[in-house]
Protein chains: 2
Amino acid sequence: MLDALFKPKAVAIIGASKNPLSIGHIVTQNLLDHGYKGPIYPINPKETEIQGLNAYPSILDVPGEVDLVNISIKNTIVPKIIEQCGEKGVKFAIVHTAGFKEIGEEGLALEREMVKVGREHGVRIYGPNSQGVQNSDPAVSLYANFTFVPMTPGTVSILAQSGGVGEVLKIPLHKLGMGLRMYASFGNECDVSMNEILEHFGNDDGANVIMLQVETFKDPQGFLEVASRITRRKPILALKAGRTKEGAVAVSSHTGSLMDQDTMADAMFEKAGVLRFDNQDEMTKAAIAFASQPPPSGSKVAIVTNTGGPGILALDEAILGGLELAELTEATQNQLRENLLPMASVKNPVDVIATATPEHYGFTVETLFKDPGVDMVLVNFITAPFVDLEGIARRLKEAAEVANKPAVVVVMTIEKWYGLMQAIRDSGTPVYDFPEDGAKALLAMARYGRVRAGKVEPAPELDVDGNRVASILGRYEGKDTFLPQAAVFEILESYGIHSSRTVAVKEAPDLAAAAAETGFPCVLKVDAASVVHKSDAGGVVLNLEDGAALEEAFGGMCEQFGGEDVGFVVQAQKPEGREVILGTKAQEGLRPLIMFGLGGIFVEAMKDVVFRLSPLSANEAVAMLHSIKGLPVLTGTRGMPAVDMDGLAGVLVRLSRLAADFPVIEEMDLNPVFVYPQGTPPVAVDARLRVKG
Amino acid sequence: MLDALFKPKAVAIIGASKNPLSIGHIVTQNLLDHGYKGPIYPINPKETEIQGLNAYPSILDVPGEVDLVNISIKNTIVPKIIEQCGEKGVKFAIVHTAGFKEIGEEGLALEREMVKVGREHGVRIYGPNSQGVQNSDPAVSLYANFTFVPMTPGTVSILAQSGGVGEVLKIPLHKLGMGLRMYASFGNECDVSMNEILEHFGNDDGANVIMLQVETFKDPQGFLEVASRITRRKPILALKAGRTKEGAVAVSSHTGSLMDQDTMADAMFEKAGVLRFDNQDEMTKAAIAFASQPPPSGSKVAIVTNTGGPGILALDEAILGGLELAELTEATQNQLRENLLPMASVKNPVDVIATATPEHYGFTVETLFKDPGVDMVLVNFITAPFVDLEGIARRLKEAAEVANKPAVVVVMTIEKWYGLMQAIRDSGTPVYDFPEDGAKALLAMARYGRVRAGKVEPAPELDVDGNRVASILGRYEGKDTFLPQAAVFEILESYGIHSSRTVAVKEAPDLAAAAAETGFPCVLKVDAASVVHKSDAGGVVLNLEDGAALEEAFGGMCEQFGGEDVGFVVQAQKPEGREVILGTKAQEGLRPLIMFGLGGIFVEAMKDVVFRLSPLSANEAVAMLHSIKGLPVLTGTRGMPAVDMDGLAGVLVRLSRLAADFPVIEEMDLNPVFVYPQGTPPVAVDARLRVKG
């Protein structure tokens, strides 16, 4: 769909100029310098020749067909020009010009006008306030962008919301001579969307990996779907700006859009199998590995080194990040022992020692690749000045070339021996400067290996009573309110989530019948939308052992709480279990988030909660339970048995389905849910549900 | 003391050779290439000339004085050669040769022999199994080392236990043309110690910062003292190998020493004000900043950028690491608004926008430096191709040069404009490639700023009864045992740590008198060294309301527990408070570690514990309390008041003093201590104390 954008047959530059600091001039120069394969038409009413090319007064004067234009003229005349482009049959217009949505109301109106004109005249708009696009495919060689990092062909594609960050992402690839495949920084995203470009990059067989930098998601659900499809085939590495509150404010002020919750981004990335990185350095170093290496089938790493210390730097980083140190078979160890120097260490990390020859290095790497317990290999090589360095580089290259497991090489050296690094790199093996970098690259590859190996399981079909829920929710249509307790529990029950037996009471005479249903001991609670923290407000009385106690408590509560909306409930008192909290929250443009955490002091003091996107599969629910820090509280520590984890995962699955099925539910809180050892199902003791009108 | 090692008047190379891959040859060449200022004497019985220098058959044949020798001959003849060196008056011998302690018993014996000979003949031994030393001071220019990274003068000194890591640490400095001051990698540390070298580097006015890489501490207490003195004047940055269990094993197998607890290293670094880093990349990037910049006086950062996205990368990294975003004064904002481009953002981060001129950049940086709320400045500069780049670099250089606050500059560019980076760097302002790197450097500087600003407070004088403790402990002299409960509580009481009233009982008739002291309700506990987890073993009965209940419980416990060492205690039952755990553990070669954590499920499930070195000052105790993740459990969350933090800090101070005063105490556990809101002092409810014979 975006073929004419990334593979145009001809490009016109509207805003071409002889001024070398102008955008039009720079774009034209980039196209020329990179040998764009089609004709380039500078458009400028005052010139007949620009940068050695024939210039034309308007797009309508261009002799041949044009499918892409780059526009860098004044904002207010852009819509008019788009109309001309439509007449000419132009398919895509990259609008570099700023002064649209990002400057406020006036700019937004202009932007809408431009989109409208584009739609009417069949011109799709890229931008505005954008850099441009690049495609290094030698058949195209398009640099329709005003940036400065030179382009050479490679297998990494880059999609960046921030043009500045996009440029920063290109720099390390350029420095390593790795090149890139396609590039896009899409500005205000008024028409051509990030998701469309991402899909285009995903379908491009020339790209092995996609680097994505994003600040706000315009269409989160669309992103989720596109990204989920792509990550089955190739990795998407993501850098999300605004990790901190301060960062989020800065994002919001410079993009003019409201900030997306960072939590939502994490949940989306998790669900789509996108690998998130904390900074561009780690992301680009991972991309360098993905550019040529297959993902590993497990997480066991073997390390080869010629000096102990740097080997341990790599080891610490790898293990802290979650890799395992491969245990080498006896056969492997014996082979190494027979073939390496006497002082060498044949356990993992294998220390071939500083005086190792090329053959020692080559044999070691080959032997490790053959060990079935090794999923990936990291080779550390410090260029000790007393050995045959060229020979070692050659043998490492040979050994890595034939492997079907990923390998990275770390060469610690100075400019004198950069040729050795390049020789290894040219053979398709990633080379890093420092041990930790190599370890981080392998960590990223193992993360992606897990994404690829993970079965994508749909959320299960459930035996639920959706009609009953619809009918209850229907009573509150158009209202923005909390539901009464009894209604909330009935909704939960309809989805198979059990709660403590709860009966609404209005007056004292109702108490006896209620208690007959709940039994003793029971609990009396106030039930009012206006009382949010019931316990704190004195709206919960526990341990009511008989009718008299219940009546007394009811009397006290009636005195304390009054008003139209106030009701009360009598609830069966459950034996105390371990407390957990479950919740859901609707998301603009996306399905609801579901939250899980340990209750009580844990959530308050430790913020030990995790979020995922609904609906959950059984696998996802189990993974969610296992990702809290306080997991031993559930799985049992000294003297405490494990809780019914499957039962709890089931509640998560059902709650997530409920939230996903009824978008009118703005938020739910099940706080607490008591969980018990195997044999006793979890039970919700208190729950809130708010609908949005 | 180490002057003759780092500033020798003459160097002899024992093991000099014409073989260019030999250690002797490489060391000689390094000395020659770097223009060592004194005479160099190759020693080789078979040659008369090596590398253009007169060679001598033995050190005794050298015509002039020699104060340093580099030795790379066979291990077994080294002691003999050391003897000759002594005759010649050599002061230091760098022994490169391996095959000593690191290969086992035989090597250890040889190493001891060598040290003995050295002592007898007045030759101090550096190494063995070591690289060597370097001193870039132009008056010396000593490269007495066989490594390959060229040396130029700088202000960073490097001390590395692993020669491989030492070399890796030099590489980034070399690449940036920063040079280094002194370097040492000391191998087996048989005589000249890491602490001596560290002290030497600390006293060297030519070094602004010291990078330290360490795997095992031979003399931890000595390190603590030396490092504490140095960090008052200049930063020590440390990389400790073996952060993981796997890494620790690898350290242990390649150094031949037992691994140091990582926890101990952290506690030592904390106490000494040493900044620990997780990897060499972050450490060297910090060193680059310390090489020329003063530490900031606070943690408020201002960020300048010419594109939004990279500004946010820097911001996120800075805030996540603990810096604050400076709030600019109205005056600052007004000045910026008047002088920058209309689209510029004058709030922090200040976005001067991509078309900013040199004057815009310069004015902004100067104005930010003048704002009293700004402690440090990070400047992001992406080399947009449409502005006067040289001018911007020049103005940034000018602005940063005159500041007395730290600044770092990030230049995002390609090789074409490396000259701009170098120009800024040459003016003494650190330049980084990426925004996150600049932010990390500032984070490290702010950490050191806090070290420098922190008052070093001695542990306070306490009113304690040391004689009473000595007398109790005296009863167990030479034994390796747990003490009875009553004795433990008496010891704690002697140091002002209160516990629940506890009376030892042996037989049923003792119960009444005991209960008269404790009152009811009381607790009955078994008291035996052999019963470690009393509760789990059924050795604790709570809630004894009267004499009958106590007697019954006693009967049951007597049936359950028997044996010589078994006793029982009756204890006053305290109202339940919040539970915390305090502990101490003796450390080989160092004062005891003290541990603090939240009790119960928190310590078991969350491992939320912190360690420091005893004795604690009041400040340190308070900082310790505040460094647990579950702090809100103590300071109070919804509906829960704060506990008596000062009282609890006091217990920590007293316990740490007790452990420090009596090294015979191998470990103590106060588990739990109940803490209460202000007004009720903390009370130890259970305690264990083990002495070591």
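Analyst: Happy to! Let's begin with a definition: buried area is the accessible area that two parts lose on being put together, summed over both. Keep in mind that this is a predicted model. Between chain B and chain A, the buried area is about 6,400 Å², and carbon and sulfur atoms give 70% of it.

User: What makes a residue part of the contact, and how many residues does each chain give?

Analyst: A residue counts because it has heavy atoms within 4.5 Å of the other chain. By that rule, chain B gives 77 residues and chain A gives 77 residues.

User: Why is the pair Asp433(A) and Lys175(B) called a salt bridge?

Analyst: The rule asks for a side-chain nitrogen of Lys or Arg within 4 Å of a carboxyl oxygen of Asp or Glu. Here the closest N and O atoms of Asp433(A) and Lys175(B) are 3.6 Å apart, so the pair meets the cut-off. The count between chain B and chain A is two salt bridges. There are also four residue pairs in polar contact across this interface. On the side of chain B that touches chain A, the largest share comes from H11(B), with 10 residues. That side divides into 42 nonpolar, 17 polar and 18 charged residues.

User: How do you know how the two copies are related?

Analyst: Chain B is superposed on chain A by a rotation of 180 degrees with 0.0 Å of shift along the axis, at an RMSD of 0.1 Å. The two copies are therefore related as by a two-fold rotation axis. The same surface serves both, as 100% of the contact residues of chain B recur in chain A.

User: Which kind of peptide bond joins Gly127(A) and Pro128(A)?

Analyst: A cis one, with omega about -5 degrees. Pro128(A) sits in the loop between strand E7 (124–126) and strand E8 (133–135) of chain A. The bond from Phe520(A) to Pro521(A) is also cis, with omega near -5 degrees.

How values were computed:
Residues numbered from 1 in each chain as written. Chains lettered and ligands numbered in written order. Predicted model: local features only at pLDDT ≥ 70, side-chain atom pairs only at ≥ 80, totals over all residues. Heavy atoms only, no water. Buried area = accessible area lost by both parts, 1.4 Å probe. Polar contact = N/O pair within 3.5 Å; in protein donor to acceptor, adjacent residues only side chain to side chain. Helix = DSSP H or I, 4+ residues; strand = E, 2+ residues; numbered from the N terminus. Nonpolar A, V, L, I, M, F, W, Y, C, P; charged D, E, K, R; others polar. Least-squares fit on C-alpha atoms with pLDDT ≥ 70 in both.
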